[in-house]
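Okay, thanks for coming, everyone.

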Amino acid sequence: MPLILAWVQGAVLGLPYIAPSPASHVGAATGPHGFPFWIRWSHFFNIFFLFMLMRSGLSILMDHPRLYFNDDCTPGTEWIRFTPLKVPTDRVWTAKDDARYISPLVALPGYRHTVGVARSWHFINIYGFVLTGLFFVGGLLTSDQWLRLIPTSPTVFAQAWNTFVHYANFHFPPEPDGFYGYNALQQLAYFATVFIMAPLSILAGIAMSPAVVNSFPAYARIFGGRQSARSIHFLLLVGFIAFVAIHVTLVVLTGFARNMNHIVLGTDDLRSTGMILGFVGIAIIVLSWIAAHYASWFFPRALQHVQRAITLPLKLITLDRLVPSARYTKEQISPHFWPNGKMPERQDWKTLAAGDFKNYKLKVCGLVENPVELSIADMRALGAQETITMHHCIQGWSGIAQWRGLSLGKLIEHVKPKPYAKVVAFYSFGDGLYGGAYYDTQDIYNARKPECLLAFEMNGQPLPAVYGAPLRLRVENQLGYKMVKWIERIEFTESEKLLGKGEGGKNEDDEYFDLLPNI
Ligand SMILES: Nc1nc2c(c(=O)[nH]1)N[C@H]1C(S)=C(S)[C@@H](COP(=O)(O)O)O[C@H]1N2
Ligand SMILES: [Mo]
């Protein structure tokens with residue numbers, strides 16, 4: 001649309017006049033001069049971190065390759081999908097079945113079912129991206145360099161439009177020397193990238209956190225809801241890709257050697273040194289991608305631990321403090337709720353299922369004064385509680401459902417854990433994707449939170465088999481994989497390190513997921 005307007009204007013009225021900017025007279029300009037070291041280095045690190053985020057983001061996206069503007073993610077309601085598949089309706093189609101392959105040439109690490117590793121990269125690099133951004137903006141605001149990026153007069157919009165008409169008609173407007181200042185459209189583009197797109201990406205990212213959304217649903221609503229936030233996060237990725245493509249093209253077409261000397265060396269001349277060093281910089285960035293793939297395939301456990309070391313302390317003092325509180329209504333319950341996981345194949349579960357779980361007894365054992373075995377009726381007698389919450393799967397989909405069950409806090413009171421019991425482990429009748437019983441853990445602090453339930457009802461009905469009958473966990477400040485379905489027994493222990501491969505759960509052990517996924 002703007003393109004057509006620009007063509008019509010160019011054809012009818014000719015190209016608009018653009019007043020020469022003061023910056024186009026070399027040396028005569030007042031205002032910011034040149035590119036000090038902190039601009040040049042933050043430019044480099046920004047490329048480095050932005051590409052890490054974009055590439056790992058693509059891997060995360062493809063684990064649930066559909067985007068929605070509604071929170072229930074009903075198949076068919078997505079506004080865009082990156083999978084040729086329609087969701088079959090004649091059989092159970094889990095979110096895991098729906099995950100796609102993406103080439104490691106474009107995504108980090110790429111391939112299928114690598115969301116855990118991709119998230120490690122995403123969350124490690126977000127620190128670098130944010131620190132680089134703060135460093136850069138700090139430099140801008142404490143020098144006169146802010147004049148480059150922040151428009152000071154509303155005429156910038158008219159000038160930017162005129163510049164756009166030139167570009168749209170394949171004509172270069174008179175360019176100021178970027179060493180002294182930018183043209184109006186360039187200024188607006190840089191301003192939007194630094195001061196709108198980057199912060200908005202971070203804020204939309206936070207609007208996908210289960211801890212935030214289930215404590216402050218209103219925060220997600222600023223973005224139009226949790227899935228809308230995911231869509232916006234994606235659209236901003238598209239925005240960054242478009243910016244990079246146009247920016248690089250124009251840098252090349254408007255005096256490549258001079259432009260490269262500006263941003264690499266901080267000089268304003270026509271030597272080829274900047275270009276050569278620039279290519280070295282690009283080579284370093286490409287090598288960093290190769291190194292990142294190497295680490296992903298050969299040291300995923302180390303990567304998982306680095307991510308944990310960097311993010312866990314911050315989560316413990318921020319997101320993990322939030323207490324989820326159900327704030328959804330019955331009307332908001334999702335018509336569709338993606339199932340996930342592998343149905344139990346064990347004979348004892350099948351026998352129990354055939355008898356409607358009347359003979360089911362949950363075993364609670366380990367470091368407790370009062371080990372018990374409880375039927376569903378016993379749990380009801382202990383006192384049932386109801387919540388309507390939003391489920392967040394690590395893959396990206398969400399769904400709202402009502403859950404009824406025994407508060408874990410009450411069970412903890414009832415069984416009296418020993419003082420050195422710190423962790424509660426939930427074992428499933430079902431297996432994980434890569435074999436071996438599915439299990440996961442919670443620290444007692446989270447297990448005691450009011451919304452933490454052992455649910456035996458979903459949306460007013462006994463828990464259906466695919467959703468975890470007879471009993472499943474609900475911990476609303478965390479991601480779905482922590483919520484073990486088809487629970488067989490619960491064990492209190494000193495540390496998650498004593499169980500499985502020691503990472504805190506089946507997915508943590510086998511797919512390098514986070515121990516504490518508040519986001
Ligand atoms: N036993 C078991 N529990 C499990 C899983 C699993 O594979 N096995 N998958 C988890 C994941 S990844 C999610 S998102 C939720 C899905 O719950 P739902 O099927 O009710 O949507 O269950 C969790 N609990
Ligand atoms: Mo999940």
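Let's begin at Gly 266, which sits just after helix 11 and takes a positive phi of about 80°. Before going on, keep in mind that this is a predicted model.

Now step back into the helix itself. Helix 11 covers residues 256-265. Which of its residues are buried? Those are Ala 257, Asn 259, Met 260, Asn 261, His 262 and Ile 263. And what covers them? The cover includes helix 2 (37-62), helix 10 (226-253) and helix 12 (273-298).

Next stop, His 122. You'll find this histidine in helix 4, which runs over residues 115-141. Buried or exposed? His 122 has a relative accessible area of 15%, and buried means under 20%, so His 122 counts as buried. As for who touches it, leave out the neighbours within four places in sequence, and His 122 is in contact with Leu 53, Ser 56, Gly 57, Ile 60 and His 233. If you want a sense of scale, look across to Pro 84: that residue is 38 places from His 122 along the chain, and the two C-alpha atoms are separated by 26 Å.

Zooming out for a second, to the domains. The assignment gives domain 1 as 36-58 plus 99-317, and domain 2 as 329-510. Where the two domains meet, the contact takes 17 residues from domain 1 and 18 residues from domain 2.

Okay, last part, the ligand. How many residues surround ligand 1? There are 19, and the closest are Trp 338, Ser 428, Arg 472, Met 483 and Lys 485. By type, that shell divides into 11 nonpolar, 5 polar and 3 charged residues.

Trp 338 uses its backbone instead, with an N or O atom lying 2.6 Å from a ligand oxygen. Met 483 also comes in through the backbone, where a polar atom is 2.8 Å from a nitrogen of ligand 1. And how much of the ligand does the protein bury? Taken alone, ligand 1 exposes 530 Å², and the protein buries 96% of that.

Methods: Residues numbered from 1 in each chain as written. Chains lettered and ligands numbered in written order. Predicted model: local features only at pLDDT ≥ 70, side-chain atom pairs only at ≥ 80, totals over all residues. Heavy atoms only, no water. Helix = DSSP H or I, 4+ residues; strand = E, 2+ residues; numbered from the N terminus. Buried < 20%, exposed > 50% of the residue type's maximum accessible area, 1.4 Å probe, protein only. Contact = heavy atoms within 4.5 Å. Near = heavy atom within 4 Å. Polar contact = N/O pair within 3.5 Å; in protein donor to acceptor, adjacent residues only side chain to side chain. Areas by Shrake-Rupley, 256 points an atom, 1.4 Å probe, with all protein chains shown as cover. Nonpolar A, V, L, I, M, F, W, Y, C, P; charged D, E, K, R; others polar. Domains from an automatic or database assignment.
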